[in-house]
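User: Please take a close look at one part of this model, starting from a single residue and then setting it against the wider picture.

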Amino acid sequence: MTTKIINGIEIKRENIFKKIPQVYYFLVIVTILGITLDQVFANGNILSNPVILRNILVRSVALGIVAVGQTFVMIGASIDLSVAYTISLTAVMTSLIIQGDPARTPMVIVIVLLTGAFVGLINGLVITKLNVNAFIATLGTGLVIKGILNGTFSSGSMGSVPKSFQALGYEGFGPVPYSIILLVAVLLIGWFILSSTKYGAHLYAVGGNILIGRLSGLRTSRVLIGAHIISSLTAVLAGLFIVSRLGAGTPWVGPDGIYDLESVATTVIGGTALSGGRGGVFGTLAGVLIFGVIDTVFNQLGVDTYLKMVLRGAIIILAVASYSVRSKREAA
Amino acid sequence: MSIQVEKPTSTSMLDLLANIWAWVRKIPPVYPIFLLVAIGVSQLNPNFATVNGIMAFIRRAAPLVILAMGQLFVLASGGFDLSQGSVVTLTIIGSALIMHNHEEYTYLAIAIMLGFGILIGLVTGFVVAYLKVPSLIATLGMLLLVKGGGLYWTGGAPKGYLSEAYRFIGRGYIDNVPLIGRFPVSGIVLLVVATILIILFHKTNLGKQILAIGDNAQAAKLSGIKVRQIRMIAFMISAITAIIAGILVGGYGGSSYTAGEGYEMQSVSAAVIGGVLLLGGKGSVYDVAFGGLTLEAMVSLLNLLGLPKPYRDAVQGLIIIGAVAYAGLRTKKRD
């Protein structure tokens, strides 16, 4: 940090490196380590084959989009465990309504977005008006959606999406896949809302200390409900991307991807506190990319599926521990 | 004096009623809810209210009740244990692998699994207490570690069978018990575990210290409580109860590597129905045990109502939200 003295007042100029979320150093370390391992033990394709690098990004799209929404609720000291089933709901509804007809695409997108907003609204209302702990509330709504989906669509085909819809998953604008454009757009919008709007400032205030927020005249309930609607909407976008990749939706696409717990994990790794009030979407992006890099490296090295799960668990713990260990606050 | 004794009876009646009302209001909501659900179940299925029906119900509910009581120790200290379900699965597939169809290895397998439980609890507790990783993340990591480790160990599919002696613990009955006829072995396990946990939580300092940590960890630390050690003990208790529940689940349902799925969420829900405050500071083993029984009875009720399994999930979700909302409204009024 450099200091400058103007008229006897010490002005501290923030070091630019201090603005980079800590997690990016971790991302760099993981990437270098991964590339080294790949060079030594595998065919070294990560560096030489650009397709693999691009696939790291594409693989991160769904998780990245959900994690942006999760970042919003977690900054507000809440949590959203219903995202996995919101993703499934979107995937099933999309392929069910569209039935392979490209003309229905805009209508479907509007319907699923409205449904997502409704799920978020319910989450937010249950948490703020019924005073139900967010963990239980969103777990409950997730169970409700899961039950309805599994009960209604347990068997049989559920339609499929048209070729034009699959473009979102497979095609791109020149060399850049549409999916990555979508992820970047969601990130930028999220970053803009958090850093440059009144709503963003209110969300940080509510997450930091809801009582002080309320006493300073914020409508804390509305702020939190808004965050939950944003979270559900990102889950819908992720669901749309997933169904465009798969071609048809099933009730288990969300829970199979563990999007609920992984979005929480990546957000925490990205530096957003579970207790709220701190964090941002770019930290979360790094968390998501770390997962993407690790997955790719494991695939390159041919690591056993179950061993992968073990290593993933260890990495989640160690990544969070690497900076939580220095905190003076007691964790719980 | 005789004049004071002869108060107008109406006043004393009112006093009495007021006293009863004050006493009734103090009853945790889980007991009337349990009563209502139990009445509902026995209306639909008269078998439920018989001694046999109750014994069968205890046998079925024992694993969840044990898990919920273990979860209480972590919840009351302000944390979560999301690794319970995967520990249940590990217990089942691990025991089957150790026994490898040898009847005589039954107790060896149980001893080894209990050792695993202590180890898992120690690691989780260390990560939370010393590395200061929030328990939601720490136990999620442990979930992946334990599940992946178990599957890697067994090569992805359950190997070997659980011996008869082992399965007897989870599904067997002791016959010719005076008065009630037969009593499930898992009920005995439940009673033993419950007694130990009740003593630990309500009769020793441990419980008070856990509640103090859950209420305000900083204040607890300043008043001389060894916060880190107590947290580790809480996670160890939770993991050991998960191993015991795993033995019962394996006995009741046999070897499968999805056996433990969802138990962590169910045990948190059962504890919350039992009046535990998430993020710590409040809880009772008795109430949580009834929370577990209530949740299990609700599942039976939905079953009897003829709802297909998936819709039962949905209704269960609504019930959990409703129970917590109700508990929340009550505490809010009291403030």
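Analyst: L215(A) sits in helix α11 of chain A, residues 210–215. Helices (H or I, at least four residues) and strands (E, at least two) are DSSP runs, numbered from the N terminus. Between the C-alpha atoms of L215(A) and G69(A), 146 residues apart along the chain, the separation is 27 Å.

This is a predicted model, in which local features need pLDDT of at least 70 and side-chain atom pairs count only at pLDDT 80 or more, while totals for chains, interfaces and linings use all residues. Residues are numbered from 1 along each chain as its sequence is written, and chains are lettered from A and ligands numbered from 1 in the order in which they are written.

Next, the interface. In chain A, 41 residues are in contact with 47 residues of chain B, where contact means that the C-beta atoms of two residues, placed from the backbone, lie within 7 Å. The elements giving two or more residues to this side of chain A are α7 (134–152), α14 (259–269) and α16 (305–324). The most comes from α7(A), with 13 residues. By type, the side of chain A that touches chain B has 26 nonpolar, 11 polar and 4 charged residues; Ala, Val, Leu, Ile, Met, Phe, Trp, Tyr, Cys and Pro count as nonpolar, Asp, Glu, Lys and Arg as charged, and the others, Gly among them, as polar.

Buried residues account for 52% of the 335 residues in chain B.

Within chain B, helix α3 (residues 30–44) has buried residues V30(B), I33(B), F34(B), V37(B) and V41(B). Seen down the axis of α3(B), the buried residues fall within an arc of 100°, so they line one face of the helix; the arc is that of the directions from the helix axis to the C-beta atoms. On the other side of α3(B), P32(B) and Q43(B) are exposed.

How values were computed. Buried ≥ 20, exposed ≤ 12 C-beta atoms within 10 Å, placed from the backbone.
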